[in-house]
Amino acid sequence: MSFIQEYNKLVEERAALGIPPLPLNANQTKELCKLLENESNEELANLLENRVNPGVDDAALVKCEFLDSILKGKISAPNIDKKRALRMLGTMLGGYNVKVLIDALKDENIAKDAAEVLKNIIFVHDNFHTIAELSKNNPHAKEVLQSWANADWFNKKEKLPQVIKCIVFKVAGETNTDDLSPAGDAFTRSDIPLHANAMLKVRQAGSLEKIKELKKSGREVVYVGDVVGTGSSRKSAINSIQWHLGKEIEGVPNKHSGGIVMGSTIAPIFFNTAQDSG
């Protein structure tokens with residue numbers, strides 16, 4: 001069975017549960033990269049672009065090494081030129097991609113595009129000092145530092161609209177985090193879409209079907225409760241709400257951002273977690 005046949009089988013299994021497939025693991029990503037070197041297939045390129053976890057995941061390292069080799073001309077892939085490779089690196093948030101982008105600043109053929117990508121990445125950690133040192137002799141690195149100083153990455157974000165027209169999904173009374181992220185399903189918390197299927201299954205059966213129905217209005221669905229977020233499982237609870245009410249994140253599989261929660265009282269730590277999660 002070919003890679004894509006095996007992958008599509010996994011897609012079908014998860015689709016039966018109403019959820020997307022798991023992100024690619026390191027071995028799957030290695031196999032995918034080999035295929036991309038040897039054949040023109042946009043479906044495979046999209047998998048690399050959108051179905052690999054960002055950051056410091058093992059699969060992210062494989063992806064970064066592959067894209068780094070394309071940027072340095074060591075290999076080629078019919079569907080991924082250097083510009084697309086840089087765009088892919090730009091959606092990986094931070095981690096293994098940062099060093100690859102710093103190296104790209106030293107290649108005059110791609111340095112300008114690499115700088116534009118780095119301007120929007122702030123999770124650079126100790127690599128900041130590397131870029132600062134490089135900026136003494138590299139105008140592209142200096143441009144990145146100036147952009148960070150100007151907070152361009154933040155100022156270019158879409159502004160919060162003055163009016164948001166929504167439709168209310170109401171859970172009366174108190175909603176604790178165990179209602180949103182049941183302890184009995186704790187073993188699935190790392191798999192956000194699967195765990196989100198358990199949201200409110202005990203507290204208010206039929207809630208997920210109701211949310212789907214409300215979405216047909218075309219308006220953003222807002223979670224509304226009297227007291228919201230008491231309890232300790234706040235991160236997984238927020239993940240579940242965002243999975244159902246948030247928006248996709250470019251290049252980040254199986255995780256959403258955004259969404260609106262309203263309540264007469266919102267538990268302080270839950271409130272902070274909601275803010276941190278977007």
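**A pocket and a helix pair**

Guide: Welcome! In this predicted model, the lining of the largest pocket draws at least two residues from each of α5 (82-90), α7 (111-118), α10 (152-155), α14 (234-245), β3 (247-249), β4 (252-257), β5 (261-266) and α15 (268-276).

Visitor: Which of these gives the largest share of the lining?

Guide: That is α14, with 6 residues.

Visitor: What volume does the largest pocket have, and which residues are closest to its centre?

Guide: Its volume is about 2300 Å³. Lining the pocket are 50 residues, and Lys157, Ile249, Ser257, Gly258 and Gly278 are the closest to its centre.

Visitor: How do the lining residues divide into nonpolar, polar and charged?

Guide: There are 23 nonpolar, 12 polar and 15 charged residues in that lining.

Visitor: Is the crossing left-handed or right-handed?

Guide: Left-handed, as α8 passes α9.

Visitor: What makes the contact of α8 with α9 nonpolar, polar or charged?

Guide: From α8 come Phe128, Ile131, Ala132 and Leu134, which meet Ala141, Leu145 and Trp148 of α9. Ala, Leu, Ile, Phe and Trp are among the residue types that count as nonpolar, so the contact has 7 nonpolar residues, no polar and no charged.

How values were computed. Residues numbered from 1 in each chain as written. Predicted model: local features only at pLDDT ≥ 70, side-chain atom pairs only at ≥ 80, totals over all residues. Heavy atoms only, no water. Left-handed = near helix turned anticlockwise from the far one by under 90°. Helix = DSSP H or I, 4+ residues; strand = E, 2+ residues; numbered from the N terminus. Contact = heavy atoms within 4.5 Å. 1 Å grid on protein atoms, 1.4 Å probe; cavity = no way out; pocket = protein on both sides within 12 Å on 5 of 7 lines; lining within 4 Å. Points joined across faces, edges and corners; volume = space filled by probe spheres on them.
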